[in-house]
Amino acid sequence: EDLDLGGYPHYMAKEIQEQPESVERMIRGRLDDRFGVARLDGLNLTPRELRGFSRVKILGCGSAYYVGQIGATMIEELARIPADAEAASEFRYRNPIIEADTLYIAVSQSGETIDTAFAVEEIKRKGGRVVGLVNVVGSTIARACEGGVYLHAGPEIAVASTKALTNMAVGFALIALSLGRVRDLSNADGRRIIDAIRALPGQIKTILDAEPEIAEHAKTVAAAQSLFFVGRVRGFPVAREGAQKFKEISYRHAEAYQTSELKHGPLALIDESLPTVAVVPSDELTDRNLAAVQQIKARGGAVLAVTHEDVDFGELDVPRIVVPRTEPELDPILLTVPLQLLAYHAALSLGYDIDKPRNLAKSVTVE
Ligand code: AGP
């Protein structure tokens, strides 16, 4: 087992560090520069079929659901098709309406999550078209789907998922390209996204190089019993996943909100004892996000920002974790990575069992 750990103290640490190579594997042979498109033969969908979908519905559980939300936003932005993600665990219980012109995407690391597998069955029973975004080759969900994209993340042992999630987000970028390029996405825009995807492994490496600094921030936030994670639009699923990772292994109460919703209630909880991790990318919402940071600070709340170099916090005293800029549509992929390290180092400083958190299983195969 020590050998498998390759010198790392935990599988989670190893899997976080493996991400540059694991993303390389995910994109190898799948990027077509000439036509600015992704080659995803495993989807088993012709350009004509891809063009025929007027909606996308993504189903997954837990972190896979949150990454599904990241994917839905990418698909809406790049392909301009209505897309949303839903918790697979709820799906079949609400007698969902299955539409022939909806592309259903089941997303799962293990491919064995029972709730997601049942959602796939429900879709198929009612005549829907479902493809998978799955890591484990030949798993139940991979076999049940009519086509799909494998994640090639390699074995993931730690209960807290990291590298598989990053590859899921990259997978959604590839699917968004495929859907976009048979619609309005131009060749030039396709190539712009492809170039950005190709740069991701190196950029992830840059984030991982900042681990010592992130570990210091983690010690500070781990001192609080309760935390908020906030973000807007592209940043909101990032915040949800950040909170999820944090609570899974550090057993701290971590709650995610849309930054815009703070003033509609949760702001009442802000004081010196409740820090906020704020996702503040350099994009069309930066000013709004900064205004919210100011409101939190004005109420005595500490803020740790996950942000880009060019975001100007002015007079605000806000510690920062800076991630490299990519194309805005792909920002969530990189913004998520430091939050893995934040959770890891918080749990480490608190002395918890990082790879096997209490009450949780790697793959949930019973309802
Ligand atoms: C991730 O850190 C969690 N352990 C959990 O939410 C997980 O993502 C979820 O159970 C789905 O698992 P799957 O990807 O194997 O379907």
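The shell around the ligand is made up of five nonpolar residues, nine polar and one charged. This is a predicted model. Of the 15 residues around the ligand, five come nearest: Gly62, Ser108, Gln109, Ser110 and Thr113.

**The chain as a whole**

The chain holds 14 helices and twelve strands. Along the principal axes, the C-alpha atoms fill a box of roughly 55 × 45 × 40 Å. Of the 367 residues, 53% count as buried. Take the contacts with a separation of 6 or more: residues 24 or more positions apart account for 76% of them.

**Helix 13**

Helix 13 covers residues 286-298. Its 13 residues, at 1.5 Å a residue, should span 18 Å, and the end C-alpha atoms are 18 Å apart, so the two values agree.

Which residues of helix 13 are buried? They are Asn289, Leu290, Ala292, Val293 and Ile296. Viewed down the helix axis, the buried residues fall within an arc of 160°, so they line one face of helix 13. The spacing follows a general rule. An α-helix has 3.6 residues a turn, so residues three or four places apart point the same way.

The other side of helix 13 carries the exposed residues Asp287, Ala291 and Ala298. What do the buried residues of helix 13 pack against? Their partners are strand 10 and strand 11. After helix 13 comes Gly300, with a positive phi near 85°.

The elements discussed here are placed as follows.

| Element | Residues |
|---|---|
| Helix 7 | residues 114-125 |
| Strand 10 | residues 276-280 |
| Helix 13 | residues 286-298 |
| Strand 11 | residues 303-307 |

**Asp115**

Asp115 sits in helix 7. Is Asp115 buried or exposed? Asp115 has 23 C-beta neighbours inside 10 Å, so it counts as buried; the cut-off for buried is 20 or more.

Which residues does Asp115 contact, leaving aside its neighbours within four places in sequence? The contacts are Cys61, Ala88, Ser89 and Glu367. Glu367 lies 252 residues from Asp115 along the chain. Even so, the C-alpha atoms of Asp115 and Glu367 are separated by 6.7 Å.

Key
Residues numbered from 1 in each chain as written. Predicted model: local features only at pLDDT ≥ 70, side-chain atom pairs only at ≥ 80, totals over all residues. Near = placed C-beta within 6 Å. Nonpolar A, V, L, I, M, F, W, Y, C, P; charged D, E, K, R; others polar. Helix = DSSP H or I, 4+ residues; strand = E, 2+ residues; numbered from the N terminus. Expected span 1.5 Å × (residues − 1). Buried ≥ 20, exposed ≤ 12 C-beta atoms within 10 Å, placed from the backbone. Arc of directions from axis to C-beta. Contact = placed C-beta atoms within 7 Å.
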